[in-house]
Amino acid sequence: MAEKKGFRAKVQRFGSYLSGMIMPNIGAFIAWGIITALFIPDGYFPNESLAAMVDPMIKYLLPLLIGFTGGRMVYDLRGGVVGATATMGVIVGAGIPMFLGAMVMGPLAGYIMKKFDEVFKDKVKSGFEMLYNNFSSGIIGAILAILAALAIGPVVEGLNKGLATGVEAIIGAGLLPLASIIIEPAKILFLNNAINHGILSPIGVEQAANAGKSILFLLEANPGPGLGILLAFTFFGKGASKASAPGAALIQFVGGIHEIYFPYILMKPMLLLAVIGGGMSGVFTLSLFDAGLRAAASPGSIFAVYAMATPDSYLGVTLGVLVAAVVSFLIASVILKTSKSEADLAEATGQMEAMKGKKSSVAGTLNAGETAEADALNQTPVNTEKEAAEVDKVIFACDAGMGSSAMGASLLKNKFKKADIDIYVNNHAINEIPDDADVVITHKDLTERAMTKIPSAEHISVENFLNSPKYDELVERLKKQ
């Protein structure tokens, strides 16, 4: 059992690492999709000079951003610069957009730069630090770029083409709906980032560059299956699950935070059949109408999906989401109506968070009262409290620095505003906590990592980013001081 949990944790960490390279750059992918939609010959406002940006963005800008982000994750800005330089090699060494190559070369270059510095940096004599820093990164970056162009680029291009050919063969054979058998359970296990951002999105961007759209962007982002589950609980659930389902449906469908329906499935694992059925029927409908998106829809909100859909895909996307929701709803309704026992939503939420490895940013909407009490009783010890005069910057940190931490930061900003406290509050990925942070707020499972990252800050550990008494305690402390 422990071995299985350890393996799952490793896969989740790998998926988190892959998504960590892609997700911070989603805005650039969307920008590329918008420019493509507007200015290519078949776009809304054809413009030859502006359309000239499309090809360089997909061939150079997007891979370089991924390579820089990957290198920075390993070795901060120094690793990012070398990662981007090395990525240029795979770009030149291949004839296709090198997203996969960037995801290899960025972290690899950052790692090599880090190890090189560990061996030689402390041996540099005083006064020669800048000379060493500039030339060591320049030389290593040049060597890796040359190696990537001559050897790694062609190999990754072959692998990339093989994956793309395999996906196209699956689509051509009409077997793409079967992907839901893997994708839907993977979402519940928090392994979707490895699949979505590691495989589907890079190949989808290449398909979109050639055909103007790709169905691969919709395999994981379709909000239909999750909506069907939550609607079934709205009508046929019991107790807390029935009461919380309508609000959860709004967050999932409009807000695009899919993880909020995971506890409902963990309450009754048979409901996996519902999301798989909904996913398969949705993908089949999308394939039938040749629907697709120009770029990734992130988060998986219905608004984001429509924003990235091509004009000829609006009908197919609408039907794909609707059919997925209806099928998921019907299967889930039968399971709920024939079920004799009512599982504990709070227990399922805890199980989900244990699988995720951290507190869910939206779980507080499901069992707010219970988590608040648990939060107050089960805090991880924190380091020395700072005086109000010492606090200029409060940082929320989570794995990606986008979901959980963003919602927590927004909540604390509002509390500070109401208390007339003028202190900077922001959210970051745990690997990118700024060095001048005075107070760092993390989930208790991540606090130790945050302390290692910036030991000089005061660290506040919480159970629930949306419902922690620690926020009010911090506000009161800063007000009094």
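This is a predicted model: local features need pLDDT of at least 70, side-chain atom pairs count only at pLDDT 80 or more; totals for chains, interfaces and linings use all residues.
Residues are numbered from 1 along each chain as its sequence is written, and side-chain values use heavy atoms, with hydrogens and water left out.

**View 1. Helix H20, residues 469–480**. Helices are DSSP runs (H or I, at least four residues), numbered from the N terminus. The 12 residues of H20 should span 16 Å at 1.5 Å a residue, and the end C-alpha atoms are 17 Å apart, which agrees; the expected span is 1.5 Å times one less than the number of residues. Tyr-471, Leu-474, Val-475, Arg-477 and Leu-478 of H20 are buried (under 20% relative accessible area, 1.4 Å probe, protein chains only). These residues cover an arc of only 165° around the axis, so they lie on the same side of H20; the arc is that of the directions from the helix axis to the C-beta atoms.

**View 2. Ser-180 in helix H7, residues 180–188**. Ser-180 counts as buried because its relative accessibility is 2%. Its side chain reaches the backbone nitrogen of Met-280 at 3.3 Å.

**View 3. The lining of the second largest pocket**. At least two lining residues come from each of helix H4 (54–92), helix H6 (129–172), helix H8 (192–211) and helix H13 (272–288). H8 gives the most, with six residues.

Methods. Buried means under 20% relative accessible area, exposed over 50%, partly exposed in between (1.4 Å probe, protein chains only). A polar contact is a pair of N or O atoms within 3.5 Å; within protein, one must be able to donate a hydrogen and the other to accept it, and residues adjacent in sequence count only if both atoms are side-chain atoms.
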